[in-house]
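Please review the model below. The report covers strand pairing, salt bridges and surface charge.

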Amino acid sequence: MASLKTQERTKERFSLLLLDLEEFYFEQHIAYHVTNISKKERKSRGSFKVCSRSIIFDPEDLTEPILKIPLRDCKKIEFVQKENNPFNEPRPSAISVSCGQVIYIKESNVISPYRNERGLKKINFQLEVWTKTEDVVQTLLQLHRASCLEKLGDQTAMIAANLQSRLARSSFDKNSFQNVAEKPHMECEVEMVTPLVSNPGHVCITDENLYFQPLNGFPKHVIQIKLHRVRRIYKRRHCLRPLGLEVFCTENDFCSDIYLKFYLTADRDEIYYYIATFLENHMTEHTAESYMLQWQRGHLSNYQYLLHLNNLADRSCNDLSQYPIFPWVIDDYTSSQLDMTNAATFRDLSKPVGALNKERLDRLLARYRGMPEPRFMYGSHYSSPGYVLFYLARVAPEHMLCLQNGRYDHADRMFNSVGETWRNCLEGATDFKELIPEFYGDDCSFLENRMSLDLGRRQNGSLVGDVALPSWASDAGDFLQKHRTALESQYVSEQLHEWIDLVFGFRQRGGEAVAAHNVFHPLTYEGGIDCDSIEDPDERIAMLTQILEFGQTPTQLFSSPHPQRITPRFHNITRSSSINSPVSELSPSSQSEDSSFEDLTEESRKMAWTSMGTLTQVSSHKIHKEAVTGIAVTRDGAAIFSTSQDSSLKMFSKELKEFQRSMSFSNMALSSCLMLADGKTVACSSWDNNVYFYSIPYGRRQDTLMGHDDAVSEMCWYDDRLYTASWDSTVKVWQCVCDSSSSHKRSQFELLAELEHDTGVNAAGLNPAGTLLVTGCKDGAVTIWDTSSYETLQQIHCHTGTIHHAAFSPDSRHILSIGADSCMKVIDVQTGMVISTVKAEEEQRCFCWDGNSVLCGGQSGDLLLWDLLSNTVTKKIAAHSGAVTAMWMNDLCSTVITGGEDRQMIFWKLPS
């Protein structure tokens with residue numbers, strides 16, 4: 001909603017929303033509106049704006065209205081010569097406009113419906129810079145000719161030619177660069193898109209910034225976005241064509257920082273790939289499937305997940321024809337109390353709005369069966385510009401006036417009551433609209449008439465004011481809180497996948513859509529018609545206008561049924577019914593909700609560890625020539641990467657059950673590998689003192705970090721920091737520098753700290769929060785470090801030989817270490833005390849643990865399951881024919897991969 005909020009009523013009253021739809025603002029001049037009152041000349045100073053279809057005069061005196069003169073209504077536009085007679089008072093040249101209509105806007109500086117005054121009028125303007133008058137008149141005459149052409153297609157073509165000529169004669173002002181050393185990569189003509197408005201100008205991208213410079217200098221001379229602040233970028237379909245690019249500098253907001261529409265798809269793609277390349281190590285690229293897994297496991301709330309799906313499906317708050325869609329989830333707007341333990345409180349999410357009322361659906365189906373192809377069940381859509389502004393009229397009145405030719409809708413058709421609107425969606429013959437994200441946000445201003453707008457009087461005599469709320473809500477804030485609580489409730493969490501199937505998934509189109517009664521007009525679907533194939537320009541524009549006003553179905557994200565969410569039954573009913581609890585306890589992003597889902601995941605892990613003794617070998621593969629030293633797996637589990645003492649990094653396809661890629665970085669052994677947070681880069685440490693970065697999408701080495709004086713033994717990564725342990729007796733902490741260029745040179749990493757040890761460091765690990773680091777050395781010392789201050793918290797000499805592996809427990813309270821002395825040590829983090837020592841029959845090389853049980857790999861090749869409470873081996877599993885040298889376990893502890901000196905990789909799984 002941020003992009004729709006009307007600007008503060010300051011001296012700058014002009015807005016691009018005062019233009020007609022698809023109109024452009026070209027230039028402005030300081031001028032005087034000259035009137036003659038009682039033979040006295042009166043001058044009003046202001047801004048004279050030349051637009052593609054109108055003249056707009058914005059007076060400096062805020063009590064005077066803004067004048068808008070449509071060029072199509074102009075009878076004559078003349079250049080009046082200046083007075084040269086030395087005996088008369090000197091008169092500057094002027095612009096004389098004879099017109100049949102003048103539109104008065106913001107009278108008394110109040111946002112209200114426009115007043116149209118018809119009848120022949122003569123209006124005179126004097127530019128402050130007289131010399132420009134003749135040029136301005138020539139421009140107006142050219143635009144006037146375009147506005148008076150009979151065919152809309154011809155009008156549009158002539159205005160577009162004028163615009164392109166202006167863009168071609170100008171270029172981006174390089175003096176706007178923030179840094180004189182910036183290197184421009186490319187520049188091209190674009191339009192910046194905001195709701196209902198397109199503002200042409202030039203975009204320029206450098207090695208540091210993305211700039212947009214409006215042709216008209218409005219709302220400011222240049223808009224700058226630092227590339228290192230960018231978190232997400234999306235290609236967009238704009239007006240049905242692949243020309244849009246949207247840039248976000250935040251992770252979870254649904255309003256972007258800039259939306260650009262390009263004239264050429266190739267220009268859009270070049271800037272997209274330039275930014276993507278720049279951000280390759282700084283930005284996590286998510287797919288619908290990756291978000292789905294996060295949502296399923298409870299790492300994303302329902303609200304967050306729906307926002308991400310909307311983003312991926314081309315929905316943008318800058319495009320009202322493709323505004324984000326959220327579902328109605330409550331069916332009870334009449335009770336005095338909202339009972340969230342009762343399923344009847346909720347809307348049936350397996351059906352579209354149009355199918356919720358059986359009687360209405362029967363009538364629609366009867367019409368559908370008698371309809372010629374292409375048939376559709378619903379004549380209107382669930383999302384359109386009109387519906388969005390129906391909800392947001394109180395915070396975006398200028399948008400509604402823009403969309404509706406300077407008028408508000410009839411008072412009885414406004415958004416007057418939540419309950420009435422829901423009832424109309426159930427019973428109305430043509431009303432099937434869903435909701436927008438604002439209904440589940442925390443800003444209730446769209447429900448209140450805070451601007452004291454005169455939105456009309458209803459038939460019952462009442463004025464349109466605040467939205468009437470259901471009786472179970474004490475005020476607008478309480479309504480949004482309960483609405484959000486309902487969205488995150490157990491019932492909705494268990495049913496939401498069915499609504500996703502209808503809007504974003506496999507029931508969106510085809511036979512499944514017919515079976516689900518989810519068929520809309522064919523023009524609403526992506527690819528339903530190719531507007532570029534329509535030769536007649538008038539027909540093409542009319543068709544495009546119809547599609548954009550009618551609404552568009554989101555891009556289809558899923559082609560098979562969406563899985564259900566794993567819901568925390570043991571917590572949810574109690575919490576969701578406590579609707580009088582504070583917001584902090586109920587918010588889905590709050591600690592309470594997050595911890596309940598964390599409890600669910602923790603429960604799954606506990607169950608997995610309870611049955612770890614049943615671990616079963618699925619397959620084994622010999623893909624290396626020497627011992628396996630490291631294992632890393634992509635987020636979706638499809639690709640497994642492994643490093644070896646044979647100096648190679650190999651990629652194994654789980655689906656194809658064969659290795660697909662092999663890469664050598666040097667002729668020395670690789671000691672470990674790590675999947676970085678972006679899911680697209682594998683870091684490999686080497687005995688040649690370097691760390692290599694391998695790009696999965698490009699299939700090549702993209703970077704080398706030469707940071708140590710001896711072999712790099714192990715690595716950790718958290719946020720944008722890399723920790724490298726080395727036999728040179730140091731652990732180095734590197735910051736991934738966000739504002740580096742896209743050339744991916746070593747300067748990408750900045751050394752933050754160097755943690756000194758007495759001997760070579762052989763093991764390193766971070767706690768889950770990234771706040772603590774544990775290191776294990778060749779002299780048997782375990783050291784605990786604070787990662788914010790890089791100070792030593794504890795140092796414990798607890799082994800008599802090299803430490804092979806050390807790791808925190810999931811709760812960060814304990815550390816387990818194993819070494820060449822065949823001992824396993826449990827250390828209390830807070831006190832540094834060794835609270836448990838287990839002497840094994842043989843040397844253990846690697847392990848995974850949950851704080852109570854340990855699955856470790858020994859020198860003989862067996863896997864041992866240890867119970868640390870009883871210090872006993874509960875299970876011995878035959879695995880490798882040589883020492884187990886590497887082990888990986890998935891997040892839910894149900895899948896294990898081991899690597900050994902026998903050059904084998906073995907895949908293990910817990911029985912379902």
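The notes that follow take these topics in turn.

## Basis

This is a predicted model, in which local features need pLDDT of at least 70, side-chain atom pairs count only at pLDDT 80 or more, and totals for chains, interfaces and linings use all residues. Residues are numbered from 1 along each chain as its sequence is written, and side-chain values use heavy atoms, with hydrogens and water left out.

Strand E42 covers residues 904–909. Strands (E, at least two residues) and helices (H or I, at least four) are DSSP runs, numbered from the N terminus. Five of the six residues of E42 are buried, so the rest of the structure largely encloses this strand. Buried means under 20% relative accessible area, exposed over 50%, and partly exposed in between (1.4 Å probe, protein chains only).

Two strands pair if DSSP finds at least two bridges between them. E15 (residues 616–622) runs antiparallel to E42, with six bridges. Ser-620 has Ile-906 of E42 as its bridge partner. E41 (residues 895–900) is also antiparallel to E42, through five bridges. Here Ile-897 stands opposite Phe-907. E41 and E42 form a hairpin with three residues between them. In the turn, Arg-903 has a positive phi of about 70 degrees.

## Salt bridges

The whole structure holds 34 salt bridges. Each is a side-chain nitrogen of Lys or Arg within 4 Å of a carboxyl oxygen of Asp or Glu. One joins Lys-106 and Glu-398 at 3.0 Å, N to O. Lys-106 lies in the loop between strands E6 (94–105) and E7 (115–127) and Glu-398 in helix H8 (residues 397–403), so the pair ties together parts that are 292 residues apart in sequence. Lys-106 is buried at 9% relative accessible area, and Glu-398 is buried at 5%.

Arg-236 and Asp-314 meet at 3.7 Å, N to O. Arg-236 lies in strand E12 (residues 232–238) and Asp-314 in the loop between helices H5 (302–312) and H6 (358–369), so this pair links parts 78 residues apart in sequence. Both residues are buried.

## Negative surface patch

Asp-709, Asp-710, Glu-754 and Glu-756 form a negative surface patch. Patch residues have over 30% relative accessible area and no salt bridge, with like charges joined within 9 Å. Asp-709 sits in the loop between strands E23 (700–706) and E24 (712–718). Asp-709 is exposed, at 69% relative accessible area.

Note on methods: Patch = residues over 30% accessible without salt bridge, like charges linked within 9 Å, V, L, I, M, F, W, Y side chains within 5 Å. Areas by Shrake-Rupley, 256 points an atom, 1.4 Å probe, with all protein chains shown as cover. Lys, Arg positive; Asp, Glu negative; His and termini not counted. Charge placed at Lys NZ, Arg CZ, Asp CG, Glu CD.
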